[in-house]
Amino acid sequence: TAPSHKATAGLQVEAGFDKGSCRVLAKLLIDIESGKLELNDRTLIVVDEAGMIGTSDMDRLLAVCVEAGARVLLQGDAAQYRPVAAGAPFALLQRLQTPARLDKIARQKGRTALDGAWMRAASVDFSQGQTERAIEAYDRMGHIAWEPDRKTAPAEPLTLPC
């Protein structure tokens, strides 16, 4: 599950979950609470983009999982996206527990090994707050188009090589 349709679709494509087993969090909670979907002690709920879940939905999810004996795997980046709903329970959980960290970046591949290497390094820079260094890398590799002002900038975004 994930809090948005886009993130749920990402689970299907990138993690290989079948479409029938992936639901947006709101739908998952409705299905569980209505009895349409039953959890048990062999159930594992994988939650992507957990940093986007507000306190109320996180409480509902964890409560039904505890009641059923199900396990929950929360994944995401608390610093990347904030929940629209009140609270930031994922960020709190990360402060209370030592979270596992995934440091290997798989999405930025580029056309060549060199492309992939600088893109992954820039992603690490972004994640560590080194925004200027990351933007400089994109600029150095020709992935930023600079214009002197809005009037000379193209109305539509440019398609740059990736």
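A polar contact is a pair of N or O atoms within 3.5 Å. Keep that cut-off in mind for the tour below, and remember as you click around that this is a predicted model.

**The whole chain**

Start with everything shown as a cartoon. The chain holds 6 helices and 2 strands, and reading along the sequence gives the pattern α-α-β-α-β-α-α-α. Colour by burial next: of the 162 residues, 27% are buried. If you look at contacts between residues at least 6 apart in sequence, 51% of them join residues at least 24 apart.

**Stop 1: Thr-1**

Now select Thr-1, which sits in the segment before helix H1 (5–15). Is Thr-1 buried or exposed? Thr-1 has a relative accessible area of 9%, and since buried means under 20%, Thr-1 counts as buried. Show its side chain and look for Arg-23: a polar atom of the Thr-1 side chain lies 2.7 Å from the backbone oxygen of Arg-23. Then display the residues around it. Leaving out those up to four places away in sequence, Thr-1 touches Leu-11, Arg-23, Val-24, Leu-25, Leu-28, Ile-45, Val-46, Val-47 and Asp-48.

**Stop 2: helix H1**

Move along to H1 and pick out Ala-7, Thr-8 and Leu-11, the buried residues of this helix. Turn the view to look down the helix axis: these buried residues fall within an arc of 105 degrees, so they line one face of H1. On the face turned away from that buried side, select His-5, Lys-6, Val-13 and Glu-14, which are exposed. After the helix comes Gly-16, with a positive phi near 80 degrees.

**Stop 3: helix H2**

Next, select residues 25–33, which form H2. Its buried residues are Leu-25, Leu-28, Leu-29, Asp-31 and Ile-32. Seen down the axis of H2, they fall within an arc of 165 degrees, so here too the buried residues line one face. What do they pack against? Show S1 and H3, and you have the partners of the buried residues of H2. Just after H2, stop at Gly-35, where phi is positive at about 90 degrees.

**Stop 4**

Follow the chain to the loop between S1 and helix H3 (55–68), where you will find Asp-48. Asp-48 is buried, with a relative accessible area of 15%. Its side chain makes a polar contact of 3.4 Å with the side chain of Gln-75. Beyond its neighbours within four places in sequence, Asp-48 is in contact with Thr-1, Ala-2, Pro-3, Ala-7, Leu-11 and Gln-75, which brings you back to Thr-1 from the first stop.

Most residues other than glycine have a negative phi. Glu-49 is not a glycine, yet its phi is positive, about 55 degrees.

**Stop 5: the second largest pocket**

Which residues lie nearest its centre? Select Thr-1, Ser-21, Leu-44, Ile-45 and Val-46, out of the 13 residues in the lining. Strand S1 (residues 44–47) gives the largest share of that lining, 3 residues. Coloured by type, the lining shows 9 nonpolar, 3 polar and 1 charged.

Note on methods: Residues numbered from 1 in each chain as written. Predicted model: local features only at pLDDT ≥ 70, side-chain atom pairs only at ≥ 80, totals over all residues. Heavy atoms only, no water. Helix = DSSP H or I, 4+ residues; strand = E, 2+ residues; numbered from the N terminus. Buried < 20%, exposed > 50% of the residue type's maximum accessible area, 1.4 Å probe, protein only. Polar contact = N/O pair within 3.5 Å; in protein donor to acceptor, adjacent residues only side chain to side chain. Contact = heavy atoms within 4.5 Å. Arc of directions from axis to C-beta. 1 Å grid on protein atoms, 1.4 Å probe; cavity = no way out; pocket = protein on both sides within 12 Å on 5 of 7 lines; lining within 4 Å. Nonpolar A, V, L, I, M, F, W, Y, C, P; charged D, E, K, R; others polar.
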